[in-house]
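Here is a short briefing on how the chains meet. Look at the sequence and structure first, then read on.

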There are 4 protein chains.
Amino acid sequence: MCRWLAYRGSPVLIEDALYAPAHSLIDQSLHSRLGAETTNGDGFGIGWYDAESTPGVFRSIEPAWNDQNLHELAGHVRSHLFFAHIRAAIGSAVQQTNCHPFRHGRWLFMHNGFIDAFATFKRELVLAVDASLYPEIKGQTDTEVLFYLALTFGLADDPPDAVARAIGLVEACGHQRGVKHPFQGTIATSDGERLWAFRYSSEGRSRSLFFSRDIRTLRALYPEREVLQQLSDDARLVLSEPIGDLPGAWNEVPEGSYGVTGKGDDQLRPFRAKPPTKAAAVHA
Amino acid sequence: MCRWLAYRGSPVLIEDALYAPAHSLIDQSLHSRLGAETTNGDGFGIGWYDAESTPGVFRSIEPAWNDQNLHELAGHVRSHLFFAHIRAAIGSAVQQTNCHPFRHGRWLFMHNGFIDAFATFKRELVLAVDASLYPEIKGQTDTEVLFYLALTFGLADDPPDAVARAIGLVEACGHQRGVKHPFQGTIATSDGERLWAFRYSSEGRSRSLFFSRDIRTLRALYPEREVLQQLSDDARLVLSEPIGDLPGAWNEVPEGSYGVTGKGDDQLRPFRAKPPTKAAAVHA
Amino acid sequence: MCRWLAYRGSPVLIEDALYAPAHSLIDQSLHSRLGAETTNGDGFGIGWYDAESTPGVFRSIEPAWNDQNLHELAGHVRSHLFFAHIRAAIGSAVQQTNCHPFRHGRWLFMHNGFIDAFATFKRELVLAVDASLYPEIKGQTDTEVLFYLALTFGLADDPPDAVARAIGLVEACGHQRGVKHPFQGTIATSDGERLWAFRYSSEGRSRSLFFSRDIRTLRALYPEREVLQQLSDDARLVLSEPIGDLPGAWNEVPEGSYGVTGKGDDQLRPFRAKPPTKAAAVHA
Amino acid sequence: MCRWLAYRGSPVLIEDALYAPAHSLIDQSLHSRLGAETTNGDGFGIGWYDAESTPGVFRSIEPAWNDQNLHELAGHVRSHLFFAHIRAAIGSAVQQTNCHPFRHGRWLFMHNGFIDAFATFKRELVLAVDASLYPEIKGQTDTEVLFYLALTFGLADDPPDAVARAIGLVEACGHQRGVKHPFQGTIATSDGERLWAFRYSSEGRSRSLFFSRDIRTLRALYPEREVLQQLSDDARLVLSEPIGDLPGAWNEVPEGSYGVTGKGDDQLRPFRAKPPTKAAAVHA
C-alpha cells in the first residue's frame with residue numbers, strides 16, 4: 001500500500017537518494033509502477049541517523065511530491081543510514097502519528113503491506129504489547145502495533161527472531177478469527193548501525209523488495225555516474241520498487257527471506273513467522 | 001485545558017454563537033480568562049445536528065482564531081443543537097482524531113479537563129471498553145476513552161448513570177495506581193434531542209461551567225438585543241466560560257452536579273461518580 | 001491540470017453529486033481518465049450558495065479523497081448551486097489561497113487549465129486589475145488573476161464579455177512575450193442564480209467539458225435512479241469529466257463555446273477571446 | 001506582531017537556542033512578555049546556513065509550541081548562523097508562503113512589525129520591485145514585499161543602504177496616502193557570513209531588539225553554564241525579546257540603529273530611512 005526506501009553507507013545528502021534518480025521515490029508517490037496503489041499521497045516520513053543519541057524523524061500528512069519542507073530537509077541533511085516512506089492509507093486516518101517510520105529509542109521501523117482484517121483482532125494484538133510500552137503507541141496503524149509487538153518480543157536483542165514472533169502472533173490471532181492470510185508485506189528496521197529488511201506474507205506472495213548490487217560492480221558498470229564513485233564499498237539501498245534505470249543494478253529479495261547489512265555483516269537468509277508457544281498465547 | 005460551548009434551542013447560525021459576542025469562544029481561543037491555560041490553540045472542533053441521520057463534525061488542527069474554514073462553516077450552517085470545542089493539548093498530539101467533539105452514531109461528547117496520570121492506567125481503561133466498540137477509538141485522548149467507557153456503560157439508555165460509572169472506573173483504576181484525584185472536568189453530551197452537561201472532579205474543585213438563564217428573563221433584561229428576541233423560549237447556552245457581558249445572564253452549574261435540557265425536561269441534579277461493582281472490576 | 005464540477009437545480013446534498021456516482025469527482029482526484037494529470041491531489045475546494053448573502057467556500061490543502069472534513073460537510077450541506085474543484089498544482093504552492101473556487105462578493109470562479117508561461121507576464125496582468133480590486137488577490141495562481149481581470153472587465157454585468165476580454169488580454173500579453181498559445185482551459189462562474197461554463201483555448205484544442213442532458217430525458221432513460229426523480233426539471237451538472245456510467249447522459253460542450261443555465265435561460269453559444277482595444281492596452 | 005531570534009557563532013544545535021533557555025522563543029510563542037501580542041501561534045519558520053549553496057528553510061502553519069517536526073529538526077541540525085521566527089498574523093492568511101524567514105539565493109530576511117495600511121498602497125510597492133524579481137514573490141505579506149524592495153535596491157551589495165531605501169519608499173508611498181507612521185519594526189537579514197539587524201519605525205518608537213553581550217563577559221559571569229564555554233568568542237544572539245534570566249546578558253539595540261556581526265566586523269550604527277530620489281519615484 002506504500003513505498004519505501006532505506007539507505008546505509010557513507011553519508012549522502014538525503015535528496016540524492018530521494019529526488020535525483022529517474023523514477024525516484026518522490027516520483028513513485030505520484031506514479032508507482034509496482035505498488036498495489038499507483039498513488040501514495042497520504043503522508044510520508046523520513047527517519048535519519050546522525051551524531052545525536054536518537055534518530056531524527058520528519059513526518060507530514062501532505063503528499064510527498066509537493067512538500068516543500070521535505071525538499072528543504074532532504075537538501076540539507078546528510079546521513080549514513082536513513083529511511084523514507086510514502087503512504088497510501090487504507091482505513092486509518094491521515095495524521096502524523098500514522099506515518100512511518102516509527103521510532104522507539106534508537107530503533108526505526110517501517111512497513112509496506114497490511115494486517116488483514118486488523119480491526120477485528122487489533123485488541124488482542126495491543127494486549128500482547130508489553131504494558132510498559134503500551135502508552136507509547138501514538139497512532140492507529142497496524143504497523144505501529146507490529147513494531148511494539150516486535151519490541152515486546154526482543155527486537156533490540158534479535159531482530160529477525162522478534163519480527164518472526166510478532167508476525168507469528170498476528171497470524172495466530174488472525175487464523176483464530178478465520179482470516180486466511182493475516183500478514184502481508186515488507187519491513188525495514190534499524191538500530192542505526194545495521195539495517196534489516198524482511199519480505200514475507202502469510203500467503204507466500206509478498207510485495208516486492210529489492211536491494212542494490214555490490215557497489216564495486218556498479219562502479220565498474222557505470223563509471224560516468226559520479227555519485228557512485230563517492231559511495232563507500234558497503235553502501236546499500238533497499239527499496240520496494242527500483243529507482244533509476246541501471247540494468248543489473250538491483251537484486252530482488254526472495255520470497256520469505258530477510259537481509260541484513262552493516263558492521264561487515266551482509267547476509268540474506270530465509271524468514272518464517274514463529275507461532276506463539278502455548279505460554280505466550282496465554283500471556284496474550 | 002480547553003474551552004467549550006453547547007447550544008440547544010431554535011435553529012441559529014453557528015456564527016452567532018461562536019463569533020458574535022464580546023469575549024466569544026473564538027476570542028477565548030486566544031485569551032481565556034478562566035481557563036487553566038490562557039491559549040487554546042491546539043485544534044478545535046464543532047459538531048452539529050440537522051435533518052441528517054448523524055450529526056456533522058468538523059475538526060481541525062489549526063488554531064480556531066485564524067481558521068478560515070471554521071468561519072465559513074459557522075457562517076453558513078444553522079442548527080438547533082451544536083457543540084464547539086477549542087483545545088489546549090496536554091501530552092497528546094495535535095491531530096484531528098484528538099479533537100473534540102467525539103461522535104458515535106447520534107451521540108456527541110466533549111470534555112474540558114483531564115484524567116490525571118492517564119498514561120499509567122490507560123491500558124486498564126481501554127480494556128474495559130466493550131470489545132465491539134474498541135476498534136472505533138481513533139485517537140489518543142483521555143476524553144475519547146472516557147466516551148467509549150460511557151458508551152460501554154449504557155450512555156444511550158441513561159447518560160448520567162453511564163457517565164457516573166465511567167468516571168467511577170477512572171477513579172478506581174487511578175486510586176489503585178496511587179493517583180490522588182484521577183478525574184477533573186466538565187463534560188457535554190447529546191443525542192440530538194437532549195443535552196447533558198456535567199461538572200465533577202475527584203478533588204471536588206471542578207473547572208467552571210455556566211448555563212444561560214431563562215430566555216424570557218434575558219429578553220426582558222436586554223430588549224435591544226435582536227438575536228434574543230428570535231430565540232425559542234427553551235433556548236440554552238452551556239459553556240465553560242461566560243461570553244458576552246450581560247450581567248445576570250449566566251448561572252454557574254454547582255460543583256458535583258449535572259444539568260439536562262431539551263424535550264421539556266430542564267433539570268439540575270447532583271452528580272457523583274459510581275465506583276465499579278466487584279463484577280465490573282473483574283470484567284475490567 | 002484539475003477537475004471540476006458545477007451543479008444548478010433543486011437543492012441536493014453535495015455528497016450525492018461528489019461521492020455517490022461511479023467515477024465520482026472524489027474518485028477522479030485519485031484516478032482521472034481524461035485529465036492532463038491522473039492524480040489531482042494538491043488540495044480542493046467547494047463553494048455553495050444558500051440563504052446567506054455570500055456563498056460559502058471550504059478549501060483544503062489535503063487530497064480530497066481522504067479529507068474527512070469534506071466528507072462531513074458534503075454530507076450535511078444542501079445547495080441549489082455549488083462548485084467543486086480538485087487541484088493538480090503546476091508551479092504554485094499547495095495552500096488554501098491557491099485553491100479554487102475563488103470568491104468575490106456573490107461570485108464564484110474556477111478553472112481547469114493554465115496560462116502558459118504565466119510567470120513571465122504575470123506582472124502586466126496584475127497591473128491591469130482594477131486598483132480597488134488588487135488588494136483582494138490572496139494567492140499566486142493564474143486563475144485568481146484571471147478572475148480579477150474578469151471582474152475588472154465587468155463580470156457582474158456581462159460574464160461572457162468580461163471573460164472574453166480577460167482571456168483576450170492574457171493572449172495579447174502572452175503573444176507579446178512570444179508565447180504561442182497563452183490560454184488553455186475550461187471555466188465556471190456564477191452569481192448564485194445563473195451558471196456560466198466556458199471552453200476555450202488559444203490553440204483551439206481545449207480541455208474537455210460536459211453537461212448533463214435534459215433531466216426529463218434522463219428520467220425516462222433511467223427510471224430506477226431515485227435521485228433523478230427528485231431533481232427539478234432544469235437541474236444541470238457541468239463537469240470536466242463525466243461521472244457515472246449512464247450512456248447518453250452527457251453532452252460535450254463544443255470547442256470555443258460557452259453555456260449558461262438558470263433563470264429559464266439555457267443557452268449554448270460560440271465563444272471567442274476579445275483582444276484589448278488600443279485604449280485598454282494603454283490602461284494596462 | 002511576531003518574535004524572532006538570530007544566531008551567529010560557532011555551530012550549535014538549533015534546539016539549544018530555541019528550546020533550552022527559560023523563556024525560550026518557543027515559550028514566547030505561547031506567552032510573550034514584550035510583544036504586541038502575547039500569543040504568536042500563526043505559523044513559524046527557521047532558516048539555517050550550512051555547507052550547501054543556499055540556506056535551508058523550514059516553515060509551518062502550526063503553532064511552534066506543539067510542532068513535532070520543528071522539535072525534531074532543531075534537535076538534529078547544527079548551524080553557525082540561523083534565523084527563527086514565530087508569527088502572529090495580522091490580516092494575511094496563515095500559510096507557509098507567508099511565514100518568515102524569506103529566502104532569495106543566499107539571503108534570508110525576517111521582520112517583526114508591519115507596514116501600516118499596507119493594503120492601500122501594496123500595489124505601488126509591488127510595482128517598484130524589479131520586474132525580474134517580481135515572479136518570485138510567493139505570499140501576501142508586507143515583509144516579503146519589503147524584502148524584494150531591498151533586493152531591488154541592492155541588498156546584496158550594501159544591506160543598510162538597501163533596507164534604508166526600501167523603508168524610505170514605504171514611507172513615501174504611505175505618506176502620499178495619508179498614513180502617518182507607515183513603517184514599524186525590527187529586521188534581520190544575512191548572506192550566511194554576516195548578520196544585520198535593524199530597529200526602526202517611522203514614529204520613532206520601534207519594537208524592542210536585543211543582542212547578547214560579549215561572550216567573554218558572559219563566560220566570566222556564568223562559569224557554570226557549559227554551553228557558553230563552548231561558543232566561539234564572536235558568538236552573538238540577536239532577538240526581539242530576551243531569553244533566559246541572566247542579568248547583564250543583553251544589550252538593547254537603540255532606537256533608529258542597526259548592528260552587524262560577522263567576519264570580524266561588529267558594529268552598531270545609526271539608521272534612517274532614505275526617501276526615494278525624484279528619479280526613483282518616477283521609476284516606481
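Chain A touches chain B through 14 residues on each side, where contact means heavy atoms within 4.5 Å. This is a predicted model: local features need pLDDT of at least 70, side-chain atom pairs count only at pLDDT 80 or more, and totals for chains, interfaces and linings use all residues. Residues are numbered from 1 along each chain as its sequence is written, chains are lettered from A in the order in which they are written, and side-chain values use heavy atoms, with hydrogens and water left out.

**Chain A with chain B**
- The two chains bury about 1,300 Å² between them, 56% of it on carbon and sulfur atoms; buried area is the accessible area (1.4 Å probe) lost on being put together, summed over both parts.
- A:Arg123, A:Leu127 and A:Tyr134 supply 43% of the area that chain A buries here, more than any other three residues.
- Zero salt bridges are found across this interface (a side-chain nitrogen of Lys or Arg within 4 Å of a carboxyl oxygen of Asp or Glu).

**Chain A with chain D**
- Here 20 residues of chain A are in contact with 20 residues of chain D.
- Chain A and chain D bury about 1,500 Å², with 40% of it on carbon and sulfur atoms.
- A:Glu52, A:Asn69 and A:His76 supply 38% of the area that chain A buries against chain D, more than any other three residues.
- Four salt bridges cross between chain A and chain D.
- D:Glu52 forms a salt bridge with A:Arg78, their closest N and O atoms being 3.2 Å apart.
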